[in-house]
Amino acid sequence: MKLTRRKLLVGGGLVGGGLLLGFSMAGDKPVPQSAEGSFQPNAWLQITPDGRVIFQLDKAEMGQGVFTGLTTLMGEGLDYDPARIQVEMAGVHSAYNNPAMRMQVTGGSTSLTTAWTPLQEAGATARAMLMIAAAHHWQVPTDALRTDDGVIIHSASGRRLRYEEMADRAKSVTPPKTLPVSSGYKWIGKSLPRFDTPAKVDGRAVFGTDVSLPGMKVAVVLRCPHFGGSLRSFDADAARRHPGVCEVVQIHTGVAVVADGYWEARQAAAKLKVEWDKGPLAGLNSATIRRKQEQALDGADTVVEAENAGDAERALAHARSAGATVLEAKYAAPFLHHSTMEPQNCTALANGDSCEIWAPSQAPGFVQALAAQYGGFDRHKVTVHTTLMGGGFGRRAMTDFAGEAAAIARQMPGVPVKLIWSREDDMRHDFYRPSTLHRLAAVLDDKGQISAWRHRLVSASITKGMAVTLVDSYLPSWLPEAMARGIGRFAGNTTANLDTSMAEGAEIPYAIPNRKVDVALYDPGIPLGFWRSVGHSHNAFIVESFMDELAHAADQDPVEFRLHYLQEHPRHRNVLKAVAKAANWGSLAAGRFQGVAVHESFSSYAAQVVELSRGSSGYVIERIVCAVDCGRIVNPDIVVEQVESAIIYGLTAALKPALTIEDGRVVQSNFHDLPVLRINETPEIEVLLLPSDEHPTGIGEIALPPVAPALANALFAASGERQRELPLRIDA
Amino acid sequence: MPTLQLNGRSVTLPDDIDPATPLLWVVRERLGLRGAKFGCGQGLCGACTMHVDGQARRSCILPVGQVAGKSVTTIEGLGGDHPVQQAWRDIDVPQCGYCQPGQIMSAAALLAAKPNPSDDDINRAMAGNICRCGTYPRIRRAIHRAAGSSPSSITTGVQTFNPETGEG
């Protein structure tokens, strides 16, 4: 949707003026962080008498650039250089709920798109209030004033005042309904240097694992390696005697060893004698899971419909009996680990029924809820500080680490406890991208047109597990346990049926008259979570590979073939044509091969061409070209960064060996047996940004889905072999 | 307990430190410098990289007893205006930033040994430093920039790297 600057400033905004005056209108408690004496016209902005402009960043900075991008929006609205704005991570408050999710969560590539209007409006309203205050002070009309980067100017008399000089007076100004319009953007649209770069280059940046408090101890937790298993018994005698150990305590996920430092805690934990009950998933292997997925293709109890147009089943049946061209294929994608560079961690300090938490998380509200639940605290007395984090990718929305830290801290009141997971803990206790199995069938009529498309995938719901956990944490503690569990199960099953993430990306944009997509539910019980681009991460591979199969079966060029079915989708067409042109599609040097994919996710559009050459032992990725349309761009360089980021993250998933399950546990443990892409395996990446005036849309995830299919399609072009399972083989 | 040089200062370690304690944890927890990071504990990811007597070392698997009498430089000791750090800022290399102290220390060691590295030199020297945010293309450009040269060619192709054998 088009949103002009004039409309933004006069119209009162899309997402609601209520957010502007957030806390005071809602009758809520004040926002948690408030500088003394400051002018605080809304939940995000404070201007202090001593001239600081403080911005409460209510999104997690996990590398994707909101620390810079969202601050830029505020600065633009306020007319104050965003590079001079002091950024603080916001506390937990309903004013900070993500409008796309109605919870305080960073994810779904929604930060910039949902903040675009509210933050600029918040800044512009504050600016207007300061100008009104100055107008009263100078006894001049407000429209005789202008601003320039933090200074209010009365041109006629040459008088100037800095914003902070009017901050006190602005407190009593009624926020105006219409706002002064300025022309053009000063900072939006420019590749401003990232504001968090300097601290990340000289070692000053503080991540969750770097939190340091007086008297702090460090904890490690031993957990049952089998999912769903439990602690049977443990002998802590030897562990307790290890130098530097203060405590060994049982918590809901296992046994915690608390010591003066990480190394001491880890050494002591190795001396624990622990017996685990393997639990309900004992004996479950990757092979078993695959077999049950196969069975679920036709035998699942629950099938959730995602899309149904025309009558694909009838068209297929007819085609089969008439001997027409029917293509059928089975595709598979494995469980995927997140492997954020920084392992999970959390620091907690308990005092009676209140608790202070420092957590690198994408969901401070969940941190609060789980800390309260597992630590036994009053949720309203849990203060959450969000830190920088070494990667998120969806993993840090699952705040199990907060529950653990709180549970340990509860048993050591008054002592700050920093819980650090090892890499082994992190790889083996992740919330994995679901493993999926797909069956597709399509009909090519006698003109080589696709007349029917049938896609069934076997998957499990991510939100089901989350719903069970979260519902439990929000229910009152006096509710009988059995009842709470029942409510949780109901919530879980309901959300499973409504979980649109499973089929996202499988509802194809291609104009095919008969289309049916559905999801057969089979849940092996492996913990699931949101993995960068979620359902799109596997569905794009399947859709764009199968489209390629159809193109080749119809003896058509893969780009032209797709364009034919995208007549009504100009933004798909534009990125596809742009990338084809930039990659010299169709006119390659000898010995070069290309594959293409186009995919829309999170309201943005990405098309990629992967180019291969033949190497001494297989194929070499020479380059990846990507064209992106994400609406109006706030910071072009950050957008390019995110495209590079998502492509490289997706390449690991496309190429590296997948994790395996044995006896209900993950077999692999560290980067030697679950490798990730390294610099010497990374091709050159060329990014084209399509200019747009459309409302800004997501960028953090959208360049990931096309990578695997574009690569698979290139491998087919090179070798004639169609690979339908991830990871792909690139060696001969 | 032995002394070591840490960022140009002489430091005497307390007697109660087990000499088997990895240098990473001594520096982070006993000496208060938290720039070097914990990523894997097995020397596989490079987030813990420091210089010991000028060589890039994975401090998470280096017992502190083995650095007695040696000179250790961490990211904090690089000065802030090292050419690598300047290039990192110019190109906006970091995203989440967690791996970057290790990347920067490895890059600084590379340039100290090879002031004008080729793309192959860079790939070989930096292959031990993992980045999950995908800053690799910018790291390559930044190292060339710090070396004062421009990238030799736009593409280096894909090579496989076996962390167990170090073979490409």
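Let me start with A:D663, which in this predicted model is partly exposed, with a relative accessible area of 22%. Its side chain meets that of A:K278 in a salt bridge, at 2.6 Å from N to O. The two residues belong to distant parts of the chain, 385 residues apart, with A:D663 in the loop between β24 (661-662) and β25 (665-666) of chain A and A:K278 in the loop between β11 (273-277) and α9 (286-299) of chain A. A:K278 also counts as partly exposed, at 37% relative accessibility.

Let me set beside that a second pair within chain A, the salt bridge of A:R396 with A:E342, where the closest N and O atoms are 3.6 Å apart. This pair, too, links distant parts of the chain, 54 residues apart, since A:R396 sits in the loop between β16 (382-386) and α12 (400-410) of chain A, and A:E342 in the loop between β13 (325-333) and β14 (345-351) of chain A. Here both A:R396 and A:E342 are buried. There is also a network in which A:E61, A:R194, A:D196, A:K200 and A:E641 are joined by salt bridges that share partners.

Now to the pairs between chains. Which residues of chain B form a salt bridge with A:D210? One is B:R28, at 2.8 Å from N to O, and another is B:K37, where the closest N and O atoms are 2.6 Å apart.

On the side of chain A that touches chain B, the largest share comes from α19(A), with nine residues. That side of chain A divides into 27 nonpolar, 19 polar and 18 charged residues.

As for extent, the contact takes 64 residues from chain A and 58 residues from chain B. The area buried between the two chains is about 5,200 Å², and carbon and sulfur atoms give 56% of this. Of the area that chain A buries against chain B, 17% is supplied by A:M341, A:R678 and A:I679, more than by any other three residues.

Terms used: Residues numbered from 1 in each chain as written. Chains lettered and ligands numbered in written order. Predicted model: local features only at pLDDT ≥ 70, side-chain atom pairs only at ≥ 80, totals over all residues. Heavy atoms only, no water. Contact = heavy atoms within 4.5 Å. Buried area = accessible area lost by both parts, 1.4 Å probe. Salt bridge = Lys/Arg side-chain N within 4 Å of Asp/Glu carboxyl O. Helix = DSSP H or I, 4+ residues; strand = E, 2+ residues; numbered from the N terminus. Nonpolar A, V, L, I, M, F, W, Y, C, P; charged D, E, K, R; others polar. Buried < 20%, exposed > 50% of the residue type's maximum accessible area, 1.4 Å probe, protein only.
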